[in-house]
Amino acid sequence: ENAGDPQISSYVSHRNLIFTSIVASFAENNDCEYVVLGLQQGDVYSYWDTSLEFVQNLNNVLSLNRKNAITLITPFVEMYKDEELLIAFEISKKLSYDLLENTWTCYNGDSGDGLECGKCSSCSDKLLGYVRAGFKNSYIKDKFNVEDDYIDSLRD
């Protein structure tokens, strides 16, 4: 729905800057040194505040703190959704616990079936990540309210 739009409809002005500022303040007041953010490469086109440049500049600002400088760590900032999902899946196998089981991306909320819609812009990105990562349809359908033919169309 937002293909080619550099500022899509789900953009919220300065969202990550605001959240990161709040978390950095909390970290500083609790004597933490690091804040880990889950920013990823696939969002950079539509959300400027998910880029490596954003993180580097914010780290420069946070380093100005004379007493307790906070450093942002962004392990996924240069990865795409499919790469992240594969990492989470591999960790899940080692832990015998599905880390992805309770993640929620959907902008449309729960329609009563406990599944994400699979159609909104956020779900579309996540669903495409599962497809590109090679997850089976049955695994994807446990998370999204979509049919096999829709998933298969994304594989083409």
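The model is predicted, so to speak of a local feature takes a pLDDT of at least 70, and side-chain atom pairs count only at pLDDT 80 or more, while totals for chains, interfaces and linings use all residues. Numbering runs from 1 along each chain as its sequence is written, and side-chain values use heavy atoms, with hydrogens and water left out.

## The chain as a whole

The chain has six helices and two strands, laid out from the N terminus as α-β-α-β-α-α-α-α. Both kinds of element are DSSP runs numbered from the N terminus: helices are H or I with at least four residues, strands are E with at least two. Along the principal axes, the C-alpha atoms fill a box of roughly 55 × 40 × 30 Å.

Of the 156 residues, 35% are buried (under 20% relative accessible area; exposed is over 50%, partly exposed in between, with a 1.4 Å probe and protein chains only). Take the contacts (heavy atoms within 4.5 Å) with a separation of 6 or more: 58% of them involve residues 24 or more positions apart.

## The aromatic pairs

Searching the whole structure turns up six aromatic pairs. The rings in question are those of Phe, Tyr and Trp (its six-membered ring), with centres within 6.5 Å; planes under 30 degrees apart are stacked, over 60 edge-to-face, and the rest tilted. One of the pairs is Phe 89 with Tyr 139, edge-to-face at 5.7 Å centre to centre and 85 degrees between the planes. Phe 89 sits in helix 3 (residues 81-95) and Tyr 139 in helix 5 (residues 137-141), so this pair ties together parts that are 50 residues apart in sequence. Phe 89 is partly exposed at 26% relative accessible area, whereas Tyr 139 counts as buried at 18%.

Tyr 130 and Phe 135 make another edge-to-face pair, with 4.9 Å between centres and 75 degrees between planes. Tyr 130 is buried at 0% relative accessibility, and Phe 135 is buried too, at 6%. These rings belong to one aromatic cluster made up of Phe 89, Tyr 130, Phe 135, Tyr 139 and Phe 144.

## Lysines over rings

Tyr 139 also has a charge over its face: Lys 143, at 4.5 Å from the ring centre. Lys 119 does likewise over Tyr 150, at 3.6 Å from the ring centre. To qualify, NZ of Lys or CZ of Arg has to be within 6 Å of the ring centre and within 35 degrees of the ring normal.
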